[in-house]
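I opened this entry to record what I looked up in the model, beginning with a single residue and ending with the whole chain.

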Amino acid sequence: MTGLTRWIGALALGFGLWSSPAAAQTSTNPHGPAVGACVTCHLPTAWQPVEISDSFAHAEGIFALDGAHASTSCTSCHATLVFDEAPTTCASCHEDLHRGELGINCARCHTTRSFVDEVGQVRLHEETRFPLRAAHTTVACSSCHPSTSAGQPQFRGRSTTCVGCHQADYEGASDPLHAGPGFPTECTTCHTQTAWRGAPFDHGATQFPLTGAHQATTCASCHADGVYAGKPTACVACHQPDYDGTTTPPHEAATFATTCASCHTTTAWLGNPFDHGTTQFPLTGPHQIATCESCHADGIYAGRPTSCISCHQPDFDGTTNPNHSQAGYSTDCATCHTDGTRWAGATYDHGATQFPLTGAHLATTCASCHADGVYAGKPTACVACHQPD
């Protein structure tokens, strides 16, 4: 081989070696044809480590990186170097714990910001039979959607009743006891979605609406026996000890009616006056301010006589001006006395006798004609008084 031939051969070899990198650039890219130039990820100073340029656009229009995807390592989704072989469906990377129960469109509930972001799930709940309200919006999904033994959360066919989730709360409640007394399992009767504990019971919806002092009474005051459903509504059902222990006046001894509302109110239990107007002896005049003991010192209330003399016999017997007993006065006190003015100083209606007073007789004292103490059967002839005249 001549010198010229060797030079041409060497030149051709050198040209071949020099042209190899260019040939490599135009060969098939191991990452796929749509990746772009190598310098987007690789540096001329060192092939490794890879440094992705800011100008790199991740398959725009196919699977743009946003949210948590932007910080995820490439190998998390790209199991091989052929990048365009990576699937673009959520389920290809994320295990479907719902086992297809909710479809394959994960974006209906999940976001790329965080796969467990529940904001969208709360919003999606508006389209279900159980829209989330108040405290339910902050409850973990697993609280109402527990997993089966196979590890699959339950979503479809879940009960929308309160007790569907709160059965354990119902059975475990002890203050007051729910299960034993037969509380309704309709939790919204007392509870709200804002606050589960401290729920007030609406007694107005029962046969015994609370009024007066009953509104401030604790539940245990009437339900210490644990009975709620079918509880008697009569006053004495709770106030029997009060009835039995009362001494002024003694209710039991006096055989007072056990209908407490006859004298008592729910506003104030003590110091309530008895309505005598409902008896056969309505109180009038001074009787209205007389003490109960004045007529009932003997402890008799039911069947008490209503005649005046039944209380005023001592007054009748002790009167001397005029002497009622000796004179044979009628024991019908109302003949002379009234209960609307005063007891003493009563005027006798002579017009109701066989000798009505007229003329000067109207100003004559009783003693002028009755000095002898005779009243009943007194002669009516003028000379009976005027014999001396």
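**Contacts, core and overall form**

I looked up Tyr 375 in this predicted model and found that, apart from neighbours within four places in sequence, Tyr 375 is in contact (heavy atoms within 4.5 Å) with Pro 322, Ala 327, Tyr 329 and His 370.

I then looked up the largest nonpolar core, which has five residues: Ile 309, Phe 316, Ala 327, Tyr 329 and Tyr 375. Such a core is a set of buried Ala, Val, Leu, Ile, Met, Phe, Trp, Tyr and Cys residues joined through side-chain atoms within 4.5 Å; buried means under 20% relative accessible area with a 1.4 Å probe, protein chains only.

I noted the basis of these values. The model is predicted, local features need pLDDT of at least 70, side-chain atom pairs count only at pLDDT 80 or more, and totals for chains, interfaces and linings use all residues. Residues are numbered from 1 along each chain as its sequence is written, and side-chain values use heavy atoms, with hydrogens and water left out.

For the whole chain, I recorded 13 helices and zero strands (DSSP runs, H or I of at least four residues for helices, E of at least two for strands).

The C-alpha trace spans about 205 × 45 × 30 Å along its principal axes.

Of the 389 residues in the chain, I recorded 14% as buried.

How values were computed:
Buried < 20%, exposed > 50% of the residue type's maximum accessible area, 1.4 Å probe, protein only.
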